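Hello,

Here is the structure for you to look over. My notes on the domain interface follow below it.

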Amino acid sequence: MLLTNLTLATMTGGYGLMPNAAVLVEDGLIRWAGPAADAPEGKAIDCGGRLMTPGLIDCHTHLVYGGNRANEFELRLTGVPYAEIARAGGGIMATVRATRSSSDEELAESALKRLDSLLAEGVTTIEIKSGYGLDRETELRMLKVAKALEQERPVSVTTTYLGAHALPPEFKEKREEYLNIVKNQVLLDVSRFRAADAVDAFCEGIAFSVEEVESVFEVAKSLGLPVKLHAEQLSNQGGSAMAARHGALSVDHIEYLDEAGVGVIAASGTVAVLLPGAFYYLREKQAPPVAALRKAGVPMAVATDLNPGTSPVHSILTAMNMACVLFGLTPEEALLGVTAHAARALGFADRGRIAPGLRADLALWDVPRPGDLAYPLGFNPLAAVIQNGRIVRGDLA
Ligand code: NIG
Ligand code: FE
């Protein structure tokens with residue numbers, strides 16, 4: 001399949017714009033990309049001069065869960081803080097109760113609806129975390145349901161075990177006991193059954209301390225599982241620096257990351273994942289240190305953080321816009337954040353850019369310039385999607 005009459009945003013070193021371009025797709029891979037005049041022979045499909053980007057990558061979501069927390073939105077708007085709702089048994093724990101009592105089928109059915117919103121905006125790879133089960137059975141069920149979404153839709157799913165998301169109430173006075181279950185039981189099963197591709201935790205006053213998370217990371221690393229961290233979201237705990245010492249793929253949220261922390265993650269090659277949806281919904285005031293991250297050359301990714309409590313954001317284009325308006329990213333940085341840098345945050349070297357040898361995950365847009373993707377709100381200019389070398393959406397067939 002030869003896609004011609006394209007403007008390419010290859011996302012190699014910035015937009016990597018290539019006008020009047022063509023892409024040759026074969027066996028699920030990009031075989032060739034370059035000026036249309038030099039294109040090899042192939043069954044040509046005219047793309048009408050439109051813009052092609054890599055398929056978008058949502059590198060941080062909690063897409064699989066049970067229940068609904070709109071009531072907390074109403075509470076927070078009357079001035080009750082997120083941390084207080086959490087301490088009163090709402091927040092993450094409210095979703096844990098609803099998730100435990102949902103069947104696999106119920107979890108899959110609600111997850112597919114959310115997934116469809118993301119796919120409608122050109123997403124071809126998504127990361128999905130557990131963390132709303134907090135017992136062995138429900139955590140493994142969440143991971144299984146998440147991975148199985150791949151069988152239902154044209155998307156790559158990568159899964160993350162987030163057992164250290166919150167302390168379940170049944171372990172209220174037994175923190176160590178809970179962490180021992182995470183480390184000595186569930187993590188071993190996750191590794192044995194290859195149930196997750198990475199391990200995450202929530203390092204925060206209302207969740208787990210740096211030392212507690214580090215003990216989980218040590219076990220994860222010994223099992224060969226890469227780590228990442230919800231860090232510095234509501235306060236500066238030093239979780240990012242600890243994660244970087246363990247070679248973390250990413251540190252996520254990081255509103256309260258300080259200059260020293262930026263230096264540490266720059267040195268470890270850890271990606272900074274910015275989650276403006278949670279910042280927006282929690283009406284936070286402190287934005288992540290974008291200027292310092294930029295100056296230090298830290299790759300910045302952008303994700304929806306799609307979850308039932310702090311970021312019911314089902315639109316990656318909206319996350320890109322918020323990253324620009326709320327955090328000061330350029331539209332180019334926002335697009336890198338959902339392509340090349342998001343791939344890196346997930347440890348994928350085979351996607352996120354348009355280049356020979358990479359997966360043929362591509363999105364075609366009805367916009368004249370790539371800067372138009374992060375600009376409007378509530379407008380979806382997606383024209384077509386190619387996933388794993390096949391046209392799965394749009395008007396090209
Ligand atoms: O990424 N920060 C911790 N975890 C989620 C929110 C979880 C929830 O409130 O359900 C987040 O924002
Ligand atoms: Fe999250």
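Across the interface of domain 1 and domain 2 the rule finds zero salt bridges. A salt bridge here is a side-chain nitrogen of Lys or Arg within 4 Å of a carboxyl oxygen of Asp or Glu. Polar contacts do turn up: six residue pairs, both partners at pLDDT 80 or more. Such a contact is a pair of N or O atoms within 3.5 Å; within protein, one must be able to donate a hydrogen and the other to accept it, and residues adjacent in sequence count only if both atoms are side-chain atoms.

Note that this is a predicted model, where local features need pLDDT of at least 70, side-chain atom pairs count only at pLDDT 80 or more, and totals for chains, interfaces and linings use all residues. Residues are numbered from 1 along each chain as its sequence is written, chains are lettered from A and ligands numbered from 1 in the order written, and side-chain values use heavy atoms, without hydrogens and water.

The domain assignment (automatic or from a database) gives domain 1 as 2-54 + 353-393 and domain 2 as 56-345. Their C-alpha centres lie 30 Å apart.

The buried area is about 1,800 Å², with 65% from carbon and sulfur atoms. That is accessible area (1.4 Å probe) lost when the two parts are put together, summed over both. Met11, Tyr15 and Ala374 supply 26% of the area that domain 1 buries against domain 2, more than any other three residues.

Best wishes
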